[in-house]
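Here is a short briefing to read alongside the model. It looks at one helix pair and then at some salt bridges.

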Amino acid sequence: MEEREFVLPDAVVLNEEDTITILDQTLLPAQEVYLTIDNEADLIEAIQKLRLRGAPAIGVAAAFGVYVCFARMASSVSSVSALKELYDGISERIRASRPTAVNLSWALERMASVFYPVISSFSIITPSDFSHIKSLLRQEAIRIKEEDIAMCRQIGENGVRLIKPNSRILTHCNAGHLAVSRYGTALAPIYRAQELGLNPKVYADETRPLLQGARLTAYELMKFGVDTTLVCDNMAASLMSQGMIDMVMVGCDRVAANGDVANKIGTCGLAVLAHYFHVPFYVLGPSSTFDAHTPTGRDIIIEQRPASEVTDLHYAHRMAPEGVKVYNPAFDVTPAELVTAYITEKGVHQNPIVGF
């Protein structure tokens with residue numbers, strides 16, 4: 001069986017000239033448009049409008065963003081206290097852009113762990129000092145991405161052990177190279193299975209209301225030759241009841257200390273169905289997504305999205321009466337007891353604490 005390796009594009013790239021390039025995911029699959037970002041407002045808008053999405057990719061973008069914005073805004077500041085105030089403001093505004101994905105805060109903490117020790121060693125900032133600070137921040141941002149790439153690759157290696165030839169896998173939302181680095185998380189074992197010639201067969205939930213499964217997962221899997229079938233979210237029970245699904249693989253935006261999982265809305269329903277029909281339900285993510293400081297899923301802040309995403313966004317004409325009330329949480333929480341196993345770069349394990 002011949003192995004072949006894909007070259008998967010990155011969701012977010014830090015350029016030599018201290019700008020960030022992203023693929024605008026709101027335009028997929030119809031258009032592939034790359035955006036260059038060099039300021040805080042555009043970065044936050046890209047994150048909030050889901051031009052850039054996926055918990056690990058948001059974390060990488062946050063690291064790149066705090067570096068780029070600080071480097072561009074702080075060059076004329078020589079006061080240590082003013083530099084700290086500037087850095088704090090940039091970091092906190094980026095942190096507030098999306099509250100659920102822990103990777104964003106995790107990446108900013110990593111950057112802060114570099115910035116504050118070095119800035120505290122100065123009484124006044126010379127141009128040479130500023131260049132040194134910039135260099136350290138840039139190196140740390142790049143290191144975060146490189147670690148993410150390595151973690152995703154290892155998640156794929158660990159998860160592919162569960163996939164047999166012609167396995168039928170149900171996915172939800174998008175946790176591939178568009179959402180992470182290179183292989184992605186939940187799609188990483190699928191890409192490895194395809195490379196190894198195992199011919200995985202994927203059923204991709206469309207994932208209402210933003211259709212990440214239809215627009216993104218189906219798009220990227222088909223682009224790399226994976227056998228992909230698009231299904232509506234409410235078809236999962238029908239598939240499972242007929243024995244057409246061998247496993248469910250989903251990503252995660254945050255895993256609480258007790259193993260509860262925050263992921264794209266609809267994930268909890270899939271977990272309930274999988275439990276009823278005795279289908280293995282796997283949660284995949286890097287260790288940075290496991291949050292030891294959040295005791296349970298009840299403690300996770302669930303982002304509320306605009307009503308227009310449900311009533312208007314992907315329709316040619318509005319599909320709901322004017323004035324109707326809309327409940328549109330971006331995520332739901334899946335209880336730990338419904339998770340068959342967690343797959344991280346550290347292995348396949350039932351106990352989520354291994355992910356920390």
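Which residues in α5 meet which residues in α6? Cys152, Arg153, Ile155, Gly156, Glu157 and Gly159 in α5 meet Ala188, Pro189, Arg192 and Glu195 in α6, where contact means heavy atoms within 4.5 Å. This is a predicted model, in which local features need pLDDT of at least 70, side-chain atom pairs count only at pLDDT 80 or more, and totals for chains, interfaces and linings use all residues. Residues are numbered from 1 along each chain as its sequence is written, and side-chain values use heavy atoms, with hydrogens and water left out.

**The helix pair**
- The axes of α5 (residues 127–159) and α6 (residues 188–195) come within 7 Å and cross at roughly 70°.
- That makes α5 roughly perpendicular to α6 (65 to 115 degrees).

**Salt bridges around Arg138**
- The count is 23 salt bridges, each a side-chain nitrogen of Lys or Arg within 4 Å of a carboxyl oxygen of Asp or Glu.
- One of them joins Arg138 and Glu16 (4.0 Å, N to O).
- Arg138 lies in helix α5 and Glu16 in the loop between β1 (12–14) and β2 (20–23), so the pair ties together parts 122 residues apart in sequence.
- Arg138 is buried at 16% relative accessibility, whereas Glu16 is exposed at 70% (buried is under 20% relative accessible area, exposed over 50%, partly exposed in between; 1.4 Å probe, protein chains only).
- Asp18 also forms a salt bridge with Arg138 (2.7 Å, N to O), and Asp18 is buried.

**A bridge between strands**
- Asp227 in strand β6 (residues 227–231) and Lys201 in strand β5 (residues 201–205) meet in a salt bridge (3.3 Å, N to O).

Definitions and conventions
Axes fitted to C-alpha atoms, helices over the stretch in contact; angles between N-to-C directions. Helix = DSSP H or I, 4+ residues; strand = E, 2+ residues; numbered from the N terminus. Parallel < 35°, antiparallel > 145°, perpendicular 65-115°, else oblique.
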